[in-house]
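Biologist: I am new to this structure. Please show me how to read a few of its features.

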Amino acid sequence: MRLSVFSAKPYDKKYLEAAHAAHPEASSISLTFHEVSLNEHTAPLVHDANAVCVFVNDSLPAPVVDALADRGVQAILLRCAGSNNVDLERAAARGIVVANVPSYSPEAVAEFAVALLQTLNRRTHRAYNRVRDGNFALSGLLGRTLHGQTVGIIGTGKIGIAFARIMKGFGCRLLAFDPFRNPAFEEYGEYRELDELLPECDIISLHCPLMDKTRHIINSETITAMKKGVVIINTSRGGLIDTPAVVDALKHEHIGGLALDVYEGESNLFYSDHSQEIIQDDLFMRFMTFPNVLVCGHQAFFTREALTEISECTIRNLLEVMEGVCPKNSLTKDVKARVEEPQPVRTI
Ligand code: NAI
C-alpha cells in the first residue's frame, strides 16, 4: 500500500511518520510526501499510489478525482473534518473511498476562536508592539468586558459546543442557530432562528460547515440585520463570508471588529511564505488596512494534540481501507476500496 501525502509540511511529515511507526500493522504502507497541494496541475505526480492524503486547500473537483481514479487511487484520506474541497459524488461514482478526521480537537479550534476574540477586543497584539517600543500609552487600546455580552454561535456541533462552554465561563449570554439542534447547548444558552439571533448579538462566531446552504451566510442582508458594532469571528471556512459585503460594512463601521482564521481566497496564500511577493488579492490587502481586523492563516487546529490525532486517525482510516471494509469515517458510504495494485496510467 502506497500513500501519497500532499500539502505536506515538515510538521505533517513528523507526526504522520510517528503515527506510522506506532502501528506495526502499518509497516507495509510506504509514505511519499509532496510539499505541493493536489490539484489539476499536480495530479500527475501521483504514481503507483493506492491512496492520497490531502488537506484543506488541496482541490479535488471531478476532473482531479477522475485523474486519481485513472491512476488507480482507491482512497482519498482527508487530514481534516471539512470535505468541501472534494467532489464526493464523483469519488463514490469512481469507487474511491473518501475518509476524514471528524474530530481531532474541537477544543483547539474553540480556544483559538476565543484567542482571536480577546486579541481583537483587548488589543493585546497592539500592546505587545507598543510596550516593546517603550510606548506605554493606553489610547487606542480600549476594549469591552466580555461578561454580560451576548454571543451568537452559528453551528453548535463539536466546536460550537466547546466554544459555548468557554464563553459561558466568561459570563456571556449565549444564543445559537443550528437547523439541527444539539441538546448539549441547552446547558449554555437558547436557540433562536437566524433572523432573531442576528440583531441581539454583540459577538457572532461561525462554527458551521461550508455547504451550498451556508455559503455567504454572512452577506449584506444578514449584516444589515446585525447590531451596529458587532464583532464577527470566523474559524470555520472562508466561504461562509461574502468578503466584499464585509469590507463594505467595515468601511461603514457597521461591523466593529472582524477576526478571521479562514478566508475565501486562502488557497492562493495560506501555508506559504509570500513575504517577498506583491500579493495580488486586493480584497485581502484591503482587510490588512483596517485596525479592527485580525487575520491568521488557518491555524486554529494547530496544536500538538490535534496533529497527533489527525495523524493517528489518518493511519487508522488507511488500515481500514486496506482491510477492504468501509472505514468508520467514510464520507462515501457503501464504497469499499478494492485492495489491488494500482492500474497503469491510461494515455490517450
Ligand atoms: P460538526 O459537524 O460537529 O458541527 C457543525 C454544526 O453545524 C452541526 O451542528 C450542524 O448541524 C451545523 N450546521 C449545519 N448546517 C448549518 C446551517 N445552515 N446553519 C448553522 N449551522 C449549521 O463540525 P465541527 O467539528 O464543530 O466543525 C465545524 C467547522 O469548523 C468545520 O466544518 C470546519 O469547516 C471548521 N474547522 C476549522 C478548523 C480550523 O483550523 N480553522 C479546524 C477544524 C474545523
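Modeller: Start with burial: under 20% relative accessible area is buried, over 50% is exposed, and in between is partly exposed, using a 1.4 Å probe and protein chains only. Arginine 181 has a relative accessible area of 48%, so arginine 181 is partly exposed. Glutamate 193 is partly exposed as well, at 41%. This is a predicted model: local features need pLDDT of at least 70, side-chain atom pairs count only at pLDDT 80 or more, and totals for chains, interfaces and linings use all residues. Residues are numbered from 1 along each chain as its sequence is written, and side-chain values use heavy atoms, without hydrogens and water.

Biologist: How many salt bridges are there?

Modeller: Side chains of opposite charge can pair when their charged atoms come close. The rule for a salt bridge is a side-chain nitrogen of Lys or Arg within 4 Å of a carboxyl oxygen of Asp or Glu. That rule gives 13 salt bridges. One of them joins arginine 181 to glutamate 193, with the closest N and O atoms 3.8 Å apart.

Biologist: Which residue forms a salt bridge with arginine 94?

Modeller: Aspartate 70 does, at 2.9 Å from N to O. Arginine 94 lies in the loop between helix H3 (88-93) and strand S5 (97-99), and aspartate 70 in helix H2 (residues 62-70), so the pair ties together parts 24 residues apart in sequence. Helices (H or I, at least four residues) and strands (E, at least two) are DSSP runs, numbered from the N terminus. Arginine 94 is partly exposed at 30%, and aspartate 70 is partly exposed at 25%. A network of salt bridges links Asp66, Asp70, Arg90 and Arg94.

Biologist: Is aspartate 202 buried or exposed?

Modeller: Aspartate 202 is buried, with a relative accessible area of 12%. Its side chain meets that of lysine 227 in a salt bridge, 2.9 Å from N to O. Lysine 227 is partly exposed at 33%.

Biologist: At what angle do H1 and H11 pack?

Modeller: Two packed helices are described by the angle between their axes and the distance between the axes. Here helix H1 (residues 10-22) and helix H11 (residues 304-322) pack at about 55 degrees, with axes 8 Å apart. Axes are lines fitted to C-alpha atoms, for helices over the stretch in contact (heavy atoms within 4.5 Å), and angles run from 0 to 180 degrees between N-to-C directions.

Biologist: Which residues of H1 make the contact?

Modeller: Tyr11, Tyr15, Leu16, Ala19, His20 and Ala22 of H1 do. On H11, the contact residues include Arg304, Leu307 and Thr308.
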